[in-house]
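Please open the model in your viewer with the sequence panel beside it, and follow the stops below in order.

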Amino acid sequence: MKKTLGLVLLTLLAVSFTFAGGQKDAANTAAAGPKFKIGIVFDVGGKGDKSFNDSAYQGLVRLAQEYKGYIKDDPDNVNFGTEIELKYLEPKSGGQDREQLLRVMAEDGYGLIFGVGFLFSDSLAKVAAEFPETHFAIIDGFIEGLSESSNITCLAFAEHEGSFLVGAAAGLKAGTSKVGFIGGMDSPLIHKFHGGFFAGAMYANPALRSESMLFGQYIGKDGAAFNDPKTAESIAQNMFRQGASILYHASGASGTGMFKTASDMGKWAIGVDSDQGLMYATAATAEEKRIGEHILTSMLKRVDISVYITAKEFMEGTIEGGYRTFSLADGGVGYAVNDYNKAVMNDIVPQLEQIKQKIVSGEITVPDHDSKVREWAEKMFR
């Protein structure tokens, strides 16, 4: 009996030590924190712009889902585990604290930090030099002199190619009416959207090959132009009154003003970056749903894919510095067809797909600035 009792006691002691050891291991794992910390500093307009920033945010959500992570301090409480910590910060309306926010993330130990937008170029280059062990990625920005060993990766997109497709969509739907483009900040990047859109519209519709049939206007000269819906609304009203039936924007959060005007005046609008038509069609309010009914399609600029792929390479230890471009060929840009716009898009999708293949094959070379469209058209339509 004593021998049996002794065995029981020894067994209980072994179990208790095993349990205590397991608790200690779990505590040590928890204390060690996440395996990776990845952060994003958004552009002006922040999360909820239904455009550029929201696309980057979706990249974070996908990372959390696939790598058992969570987005820290996120009101939407995205949480699939503790393996990786994700976080975003939002700049002030003028964007004057971009550098400060990048530095805050670097000091907090985030190993990969994204700056969303070309306006981060100077501040990101400066902070990256101060934190050589941290890797930085800038979306749409260009920093000279980078190599594969640099701690900065510039992520670019062939926006002119995607814009050519939605320009062609506008041309196929416009008939003999005019079309227009509203840009945010007057900058080389936004002129890529402008040039591609005009060229696509002209390619698809001979009636639009006269300059008088194409409107183009910019909201401003600085970053505030990406968060000025009132000015976009005023420009859109003027263009519609002058005979435009479809407008396309590349103006960030300012585009909400153009969408509102299209809805109010019974015209068509084309979104950018995210599937803005789907966002409005599935929104909570009746007003937003009505706006969604007037969004023909959107030029998809897959910022979410660039965030996801870059972060994946960082975690796998394969990330390189330098330059990378996402295009039509790899799905980096495109156009949106969803359950809410397919009825109006289905008849032109075959033509758009043919045009897409011609761009990918090189049969169509798309101008990357509106100043090049006239020369391009002379060669294309001679």
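**From a strand pair to a helix**

Begin by selecting residues 112–116 and residues 135–139, which are strands β4 and β5, running parallel and joined by five bridges. Helices (H or I, at least four residues) and strands (E, at least two) are DSSP runs, numbered from the N terminus, and two strands pair if DSSP finds at least two bridges between them. This is a predicted model, in which local features need pLDDT of at least 70, side-chain atom pairs count only at pLDDT 80 or more, and totals for chains, interfaces and linings use all residues. Residues are numbered from 1 along each chain as its sequence is written, and side-chain values use heavy atoms, with hydrogens and water left out.

Within this pair, pick glycine 115, whose bridge partner in β5 is isoleucine 138.

Now widen the selection to the open sheet, where seven strands follow the order β2-β3-β1-β4-β5-β6-β12 with parallel pairing. At its edges are β2 (69–71) and β12 (322–326), each of which pairs on one side only.

Because 10 of its 14 residues are buried, α11 is largely enclosed by the rest of the structure; buried means under 20% relative accessible area (1.4 Å probe, protein chains only). Among the buried residues of α11 are Val303, Tyr308, Phe314 and Met315.

Finish at glycine 317, which follows α11 and has a positive phi, near 80°.

Key: Buried means under 20% relative accessible area, exposed over 50%, partly exposed in between (1.4 Å probe, protein chains only).
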